[in-house]
Amino acid sequence: MEPSRAVVEEGTEFAALGGVFFVKEHFYKFYDTMRHEVHHLYKGNSTLNWNGNVYQGETAIQKFLMHLPASKHSVLVVDSHPISDTQNNMLVSVEGVVSYGGGGKRLFHETFILAKEHEQRFYVAYDTFRFLD
């Protein structure tokens, strides 16, 4: 049975708003100002692929992220869609500019798959980060 158009539209709107909220109000704020807390957005089954280097699980991801220099992200574009009509997962794509350790600005693209943990709470199931230059 196919979902009704209203259910699909509701799921799309939820993902669009949820993805923007996640990116702008949670992820990069934690990453840039409280990186020691960003690991709470991941779980034991999460995967981070950072410029071709893969880290599996919350502990490994936290260890890697804590070794990166201080950062400042500026988000230029966010695009978010439900992966299925159940509103349990969403795909979030981000493009922006980042500087690490006070160095020069670099373009980046980051893609998240957010999985529903419970109610309105999602975690990062998969995260792929790439510099674009």
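Reader: Why is Leu132 called partly exposed?

Author: Leu132 has a relative accessible area of 49%. Buried means under 20% relative accessible area, exposed over 50%, and partly exposed in between (1.4 Å probe, protein chains only). Leu132 is therefore partly exposed. The model is predicted: local features need pLDDT of at least 70, side-chain atom pairs count only at pLDDT 80 or more, and totals for chains, interfaces and linings use all residues. Residues are numbered from 1 along each chain as its sequence is written, and side-chain values use heavy atoms, with hydrogens and water left out.

Reader: Where is Leu132 found?

Author: Leu132 lies in the segment after strand E6 (121-131). Strands (E, at least two residues) and helices (H or I, at least four) are DSSP runs, numbered from the N terminus. By that definition the chain has two helices and six strands, in the pattern α-β-β-α-β-β-β-β along the sequence.

Reader: Which residues of helix H2 are buried?

Author: In H2 (residues 58-66), Ile61, Phe64 and Leu65 are buried.

Reader: What puts them on the same side of H2?

Author: They cover an arc of only 95° around the axis, which puts them on the same side of H2; the arc is that of the directions from the helix axis to the C-beta atoms. An α-helix has 3.6 residues a turn, so residues three or four places apart point the same way. On the other side of H2, Thr59 and Lys63 are exposed.

Reader: How many of the residues of the chain count as buried?

Author: Of its 133 residues, 36% count as buried.
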